[in-house]
Amino acid sequence: MKIFVGLGNPGTEYATTKHNVGFMLADKFAAEIGAEMWRNNFSALVAEGFVGGEKILVVKPQTFMNLSGEAVGAVMNFYKVDAENLVVAHDDLDLPVGMIRLRPKGSGGGHHGIESIIQHLGGEKNFPRVRIGIGRPPANWTVNGHVLSPFSSEDAEKISAAIENLVPAVLCIFREGIDVAMSKFNPKRCKKILDEENKNDSSIIG
């Protein structure tokens with residue numbers, strides 16, 4: 001078994017906000033692999049599907065973003081799944097809207113949902129990330145105001161396209177591994193960013 005987690009906040013008031021792009025991808029990916037029956041378990045919405053005959057658990061934590069690790073840790077512990085078989089999708093302020101980046105592992109990078117997961121996995125950082133760019137806040141906006149606001153119609157189209165492109169990328173991660181998926185789906189602009197992160201993140205180079 002492997003696990004795909006999309007991060008976001010529960011409730012209809014947050015459904016179309018920037019912080020919920022992980023949920024958006026989880027819904028799309030779940031439909032792709034036939035994971036159609038969601039159930040409440042582990043403080044999360046959970047559905048089961050298959051990729052190449054292997055069971056994939058799709059998880060949307062319902063603990064709110066900053067406590068995502070409570071749900072993810074509970075699922076991981078119950079099913080005894082190793083961190084490298086966990087894939088987490090989340091929003092990224094440092095990427096332009098609609099830009100995608102796959103990364104094999106690393107620190108939380110200031111993302112509270114990822115930091116919570118790392119904490120509840122006992123400091124384990126060795127799990128792939130699927131990052132979806134939402135851009136930086138406009139002038140005079142707070143980060144919270146930005147991530148909890150909906151996309152403009154133009155940006156919503158970019159996000160929709162990004163999520164469509166990421167479904168085959170996530171399938172590739174589960175079928176062929178994160179390294180192959182990165183070589184196929186990371187845009188060239190990501191290489192310089194990733195190289196710089198690799199220099200600065202001891203969890204990657206160590």
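**Figure 1. Residue S68 in helix α2 of the predicted model.** S68 is buried, with a relative accessible area of 1%. That value falls under the 20% limit below which a residue counts as buried. The residue belongs to helix α2, which covers residues 68-79. Leaving aside its neighbours within four places in sequence, S68 is in contact with L7, P61, T63, G113, S116 and I117. G8 is 60 residues away from S68 in sequence, but their C-alpha atoms are 8.4 Å apart in space.

**Figure 2. Strand β5 between its partners β1 and β7.** Seven of the seven residues of strand β5 (residues 86-92) are buried, so this strand is largely enclosed by the rest of the structure. β5 pairs with strand β1 (residues 2-6) in the parallel sense over four bridges. With strand β7 (residues 129-133), β5 pairs in the parallel sense over five bridges. A89 of β5 can be followed in both directions: A89 is the bridge partner of G6, and in β7 the bridge partner of A89 is V130. D92 stands opposite G133 in β7.

Figure 3. Helix α1 covers residues 21-32 and has twelve residues. At 1.5 Å a residue, α1 should span 16 Å, and its end C-alpha atoms are 17 Å apart, which agrees. Which residues of α1 are buried? They are V21, G22, F23, L25, A26, F29 and A30. These buried residues pack against β1, β3 (44-51), β4 (54-61), β5, β7 and α5 (153-176). Just after α1, G34 takes a positive phi of about 75°.

**Figure 4. The largest nonpolar core and residue L25.** In soluble globular proteins, nonpolar side chains tend to be buried together. The largest nonpolar core in this model has 36 residues. Those with the most contacts inside this core are F4, L25, F29, L102 and V130. The elements that give two or more residues to the core are α1, β3, β4, β5, β6, β7, α5 and α6 (178-185). Which element supplies the largest share of the core? That element is α5, with eleven residues. Leaving aside its neighbours within four places in sequence, L25 is in contact with F4, A89, V130, I132, I163, L166, V167 and V170. A second, separate core has 21 residues, including F42, V59, L86 and F127.

**Figure 5. F42 and N140, two residues with positive phi.** Most residues other than glycine have a negative phi. F42 has a positive phi of about 60° although it is not a glycine. This residue is found in the loop between β2 and β3. N140 is also not a glycine, and its phi is positive, near 70°. N140 is found in the loop between β7 and α4 (143-147). Are these two residues buried or exposed? F42 counts as buried, at 17% relative accessibility. N140 counts as exposed, at 82% relative accessibility. The cut-offs behind these words are under 20% for buried and over 50% for exposed.

**Figure 6. Confidence along the chain, with residues 202-206.** The mean pLDDT of the chain is 92, and 91% of its residues reach 70 or more. Over residues 202-206 the pLDDT is below 50. Beyond near neighbours in sequence, this stretch has ten contacts in the model. Where pLDDT is low, the predicted coordinates should not be read in detail.

Terms used: Residues are numbered from 1 along each chain as its sequence is written. This is a predicted model: local features need pLDDT of at least 70, side-chain atom pairs count only at pLDDT 80 or more; totals for chains, interfaces and linings use all residues. Side-chain values use heavy atoms; hydrogens and water are left out. Buried means under 20% relative accessible area, exposed over 50%, partly exposed in between (1.4 Å probe, protein chains only). Two strands pair if DSSP finds at least two bridges between them. The expected span of a helix is 1.5 Å times one less than its number of residues. Contact means heavy atoms within 4.5 Å. A nonpolar core is a set of buried Ala, Val, Leu, Ile, Met, Phe, Trp, Tyr and Cys residues joined through side-chain atoms within 4.5 Å. pLDDT is the predictor's confidence in each residue, from 0 to 100.
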